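Trainee: I have a new chain open on my screen. Can we go through it together?
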Amino acid sequence: MAFVGKKYKLDKSENFDEYMKELGVGLVTRKMGNSLSPTVEVTLEGDTYTLTTTSTFKTSAISFKLGQEFDEETLDGRNVKSIITLDGNKLTQEQKGDKPTTIVREFNDGELITTLTIGSVKCVRVYKAV
């Protein structure tokens, strides 16, 4: 779990606009979302993880225990039920709601690769450790 306590800044993003479109995000919010370079940090206190995403537009934090379902309001305002599991260096998040989504965060040496999938639409966002 070498990723705990590290910060990662968005370096490149593929297909994020299509992903947001599939979620039903409006044009103005999509344009804003595409212009941001958020920073992601994972912290751990006891058995509770906190995943904080910070940008000039908005900061969001979700706290969770591995394998336990929790309520989440997504950055685009949807209310979903999420469950996150850890397998090696991968945190996998299943969001259940009107539009089920899978988010896989893979932590490697110096980078975080986040793969977001909704239906047949897949987005890959690469973050570099800062």
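This is a predicted model: local features need pLDDT of at least 70, side-chain atom pairs count only at pLDDT 80 or more; totals for chains, interfaces and linings use all residues.

Trainee: What volume does the largest cavity have?
Mentor: Its volume is about 700 Å³.

Trainee: Why use a probe at all?
Mentor: Rolling a probe the size of a water molecule over the atoms shows where empty space is left.

Trainee: Which residues lie nearest the centre of the largest cavity?
Mentor: Those are Phe16, Thr53, Leu75, Asp76 and Leu116, out of a lining of 34 residues.

Trainee: What classes does that lining contain?
Mentor: It has 17 nonpolar residues, 10 polar ones and 7 charged ones.

Trainee: And which element gives the largest share of the lining?
Mentor: Helix H1, residues 16–23, which contributes 4 residues.

Trainee: Switching topic. What does UniProt place at residues 6–23?
Mentor: An unreviewed UniProt entry puts the feature "domain: Cytosolic fatty-acid binding proteins" there. In the model, the span 6–23 is 44% helix and 44% strand, and its end C-alpha atoms lie 29 Å apart.

Trainee: How many helices and strands does the chain have?
Mentor: There are 2 helices and 10 strands. Starting at the N terminus, the order is β-α-α-β-β-β-β-β-β-β-β-β. The radius of gyration is 14 Å, close to the 14 Å that the globule rule gives for 130 residues, so the chain is as compact as a globular protein of that length.

Trainee: What box do the C-alpha atoms fill?
Mentor: Roughly 40 × 30 × 25 Å, taken along the principal axes. Of the 130 residues in the chain, 37% are buried.

Trainee: Let me pick one residue, then. Where is Tyr49?
Mentor: Tyr49 sits in strand E3, which covers residues 48–54.

Trainee: Is Tyr49 buried or exposed?
Mentor: Buried, because its relative accessibility is 4% and the cut-off for buried is under 20%.

Trainee: Which residues does Tyr49 touch?
Mentor: Leaving out residues up to four places away in sequence, its contacts include Met1, Val4, Leu44, Phe64 and Leu86. Tyr49 and Met1 are 48 residues apart along the chain, and their C-alpha atoms are separated by 12 Å.

Trainee: What share of contacts in the chain join residues at least 24 apart?
Mentor: It is 35%, among contacts between residues at least 6 apart in sequence.

Terms used
Residues are numbered from 1 along each chain as its sequence is written. Side-chain values use heavy atoms; hydrogens and water are left out. On a 1 Å grid over the protein atoms alone, a cavity is a set of points where a 1.4 Å probe fits but cannot get out, and a pocket is an open set with protein on both sides within 12 Å along at least five of seven lines; lining residues have an atom within 4 Å of a point. Grid points are joined across faces, edges and corners, and a volume is the space filled by probe spheres set on the points. Ala, Val, Leu, Ile, Met, Phe, Trp, Tyr, Cys and Pro count as nonpolar, Asp, Glu, Lys and Arg as charged, and the others, Gly among them, as polar. UniProt positions are given in the numbering used here, feature names are shortened, and annotations may be inferred rather than shown by experiment. The radius of gyration is taken over C-alpha atoms; the globule rule is 2.2 Å times the number of residues to the power 0.38. Buried means under 20% relative accessible area, exposed over 50%, partly exposed in between (1.4 Å probe, protein chains only). Contact means heavy atoms within 4.5 Å.
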